[in-house]
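User: I want to learn how to read a model like this. Can we go from the overall fold down to a single residue?

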Amino acid sequence: MDRTESVIPPDRLLRIAAAYHVVAGLVFAVFPVDALANLALDPPRYWALWYAACSAPLVMAGLLQLARRRADLRAGLVAAVALWNLVAMVLGIFFVVWSELPAVLYGPAVAAGMWAWLLWGVYSPDP
């Protein structure tokens, strides 16, 4: 199989990625107390920052949906989401290590890195 061929068609991959980001954002936005209790974390001091962080995956899902509909903008939008996921991975790992947060929080950080890798592998600018 050639590197340019994908097992999953790009349109389907974008749909799956958008659904994942919507679910991730909504779970933390709609059920913040349950999510924090499940992660054994104290409630945040400033809820506005919590909801700002919850909006990031929702914005990424919107960008992925837009990328599905607009083929001319697809490469740039997917690259932006991949880089955003990469930043989320680096920040997630940094704050888990630095603040000694529960190790279960490595999961979302690694998931963000995996999405960055998957999206970049499909839409990389390399020929």
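Analyst: We start with the whole chain and end with one side chain. Keep in mind that this is a predicted model.

User: What secondary structure does the protein have?

Analyst: Count the elements, then read their order. The protein has 5 helices and 0 strands. Along the sequence the pattern is α-α-α-α-α.

User: What does the C-alpha trace span along its principal axes?

Analyst: About 45 × 25 × 20 Å.

User: How do I read the contacts by sequence separation?

Analyst: Take pairs at least 6 apart in sequence, then ask what share is at least 24 apart. For this protein that share is 67%.

User: And burial and surface?

Analyst: Of the 127 residues, 28% count as buried. The protein exposes about 8200 Å². Carbon and sulfur atoms supply 70% of that area.

User: How many positive and negative side chains are there, and how far apart are the centres of the two sets?

Analyst: There are 8 positive and 8 negative side chains. The centres of the two sets lie 10 Å apart.

User: Now one residue. Where does His-21 lie?

Analyst: His-21 sits in helix α1, which covers residues 10-30.

User: Why does His-21 count as buried?

Analyst: Compare its relative accessibility with the cut-off. Buried means under 20%. His-21 counts as buried because its relative accessibility is 3%.

User: Which residues is His-21 in contact with, leaving aside neighbours within four places in sequence?

Analyst: Pro-57, Leu-58, Met-60, Ala-61, Leu-64, Asn-85 and Trp-115 are in contact with His-21.

Key. Residues are numbered from 1 along each chain as its sequence is written. This is a predicted model: local features need pLDDT of at least 70, side-chain atom pairs count only at pLDDT 80 or more; totals for chains, interfaces and linings use all residues. Side-chain values use heavy atoms; hydrogens and water are left out. Helices (H or I, at least four residues) and strands (E, at least two) are DSSP runs, numbered from the N terminus. Buried means under 20% relative accessible area, exposed over 50%, partly exposed in between (1.4 Å probe, protein chains only). Contact means heavy atoms within 4.5 Å. Accessible areas come from the Shrake-Rupley method with a 1.4 Å probe; for residues, only the protein chains shown count as cover. Lys and Arg count as positive and Asp and Glu as negative; His and the chain ends are not counted. The place of a charge is taken as NZ of Lys, CZ of Arg, CG of Asp or CD of Glu.
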